[in-house]
Amino acid sequence: LVLGGPWPAWTAGWANVTRGTPGGLAEFVSIALRQDFMVNDADDGGNEGDDRFAETLLATDLNNDGYCDLVIGTPGEDVGAEGSEFVDAGAVYVVLGSASGLDLGGAHYWTEGSAGMSTTVADGDNFGLGLAAGDADHDGLLELAVGSPWKTASGQVEAGLVSIFPGSASGPTTFGLARLWQQDSPAVA
């Protein structure tokens, strides 16, 4: 069980993971998660007020290895170099599961400006506010869908966009980004 706390007293956000046991949930929290526990502060700007870490959560077996993986949405993350950040651009963390639990040291940190992305970072996109997964290409591996509900799309302010990350045996990847979906996409009625 993962419980998000996007607005605790220090406002950056946190999540608590409680392990399951044969008798039900463990009595105590097994892991307390924060942004700086998973990636270098220089990569994500560190814990900042209103990051809203863990506002959205998705737990599923993304890479079909039998272990549950965790996607953590941080839609209030300010992205970019200190002093010239894009405010509330948003980010996601992808943490793969294993026989020993979540691999925090191998966590992925993605923004709309990450390598392989075909979108640009902008203020207020809230990338990571929506999360979903499904096997869109029927290869047995789940694709990850990440919503940016306030993204400017087709020249329309706050029209919204969904980024689809292809699945792989090592989890979703930013390389070979499968699709960007918006209301003007050809397959959307």
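Four strands make an open sheet here, ordered E6-E7-E8-E11, with antiparallel pairing. This is a predicted model, so treat what follows as a reading of that prediction.

- Strand E6 (56-60) and strand E11 (108-110) sit at the edges, each pairing on one side only.
- Direction ignored, neighbouring strands of this sheet are turned by 15° against each other on average.
- Strands of a sheet pair through backbone hydrogen bonds, and they can do so parallel or antiparallel.
- E6 and E7 are joined in the antiparallel sense by 5 bridges, and Leu 57 stands opposite Ile 72 in E7.
- Next along, E7 and E8 also pair antiparallel, over 5 bridges; here Thr 74 is opposite Ala 91 in E8.
- E8 and E11 run antiparallel and are joined by 3 bridges, with Val 94 facing His 108 in E11.

**Strand E8**

- How much of E8 is buried? 5 of its 5 residues are, so the strand is largely enclosed by the rest of the structure.
- In a regular strand, side chains alternate between the two faces of the sheet.
- On E8, Ala 91, Tyr 93 and Val 95 point one way, while Val 92 and Val 94 point the other way, and all are buried.

**The nonpolar cores**

- The largest nonpolar core has 19 residues, and the ones touching the most other members are Leu 33, Met 38, Phe 53, Ile 72, Tyr 93 and Val 95.
- The elements giving two or more residues to this core are E2, strand E5 (31-33), strand E7 (69-74) and strand E8 (91-95).
- E8 supplies the largest share of this core, at 3 residues.
- Another core, of 14 residues, lies apart from it and includes Leu 62, Val 92, Val 94 and Val 146.
- Tyr 93 and Val 95 belong to the 19-residue core, whereas Val 92 and Val 94 belong to the 14-residue one.

**Aromatic pairs**

- There are 4 aromatic pairs in the structure.
- One of them is Phe 53 with Tyr 93, an edge-to-face pair at 5.5 Å centre to centre and 75° between the planes.
- Phe 53 is in the loop between helix H2 (41-44) and E6, and Tyr 93 is in strand E8, so this pair ties together parts 40 residues apart in sequence.
- Both Phe 53 and Tyr 93 are buried.
- Phe 127 and Phe 165 have ring centres 6.5 Å apart and planes at 65°, so that pair is edge-to-face.
- This second pair links distant parts of the chain, 38 residues apart: Phe 127 is in the loop between E11 and strand E12 (130-134), and Phe 165 is in strand E14 (residues 161-165).
- Phe 127 counts as buried at 0% relative accessibility, and Phe 165 is buried with a relative accessible area of 0%.
- Ring pairs also link Phe 53, Tyr 93 and Tyr 109 into a cluster.

**Ala 12**

- Ala 12 is in the loop between strand E1 (2-5) and strand E2 (14-17).
- Leaving out residues up to four places away in sequence, Ala 12 touches Pro 6, Gln 35, Asn 47, Glu 48, Asp 51, Arg 52 and Phe 53.
- Ala 12 and Asn 47 are 35 residues apart along the chain, yet their C-alpha atoms are separated by 5.4 Å.

Definitions and conventions
Residues numbered from 1 in each chain as written. Predicted model: local features only at pLDDT ≥ 70, side-chain atom pairs only at ≥ 80, totals over all residues. Heavy atoms only, no water. Contact = heavy atoms within 4.5 Å. Core = buried A, V, L, I, M, F, W, Y, C linked by side-chain atoms within 4.5 Å. Buried < 20%, exposed > 50% of the residue type's maximum accessible area, 1.4 Å probe, protein only. Pairing = 2+ DSSP bridges. Axes fitted to C-alpha atoms, helices over the stretch in contact; angles between N-to-C directions. Phe/Tyr/Trp six-rings, centres within 6.5 Å; stacked < 30°, edge-to-face > 60°.
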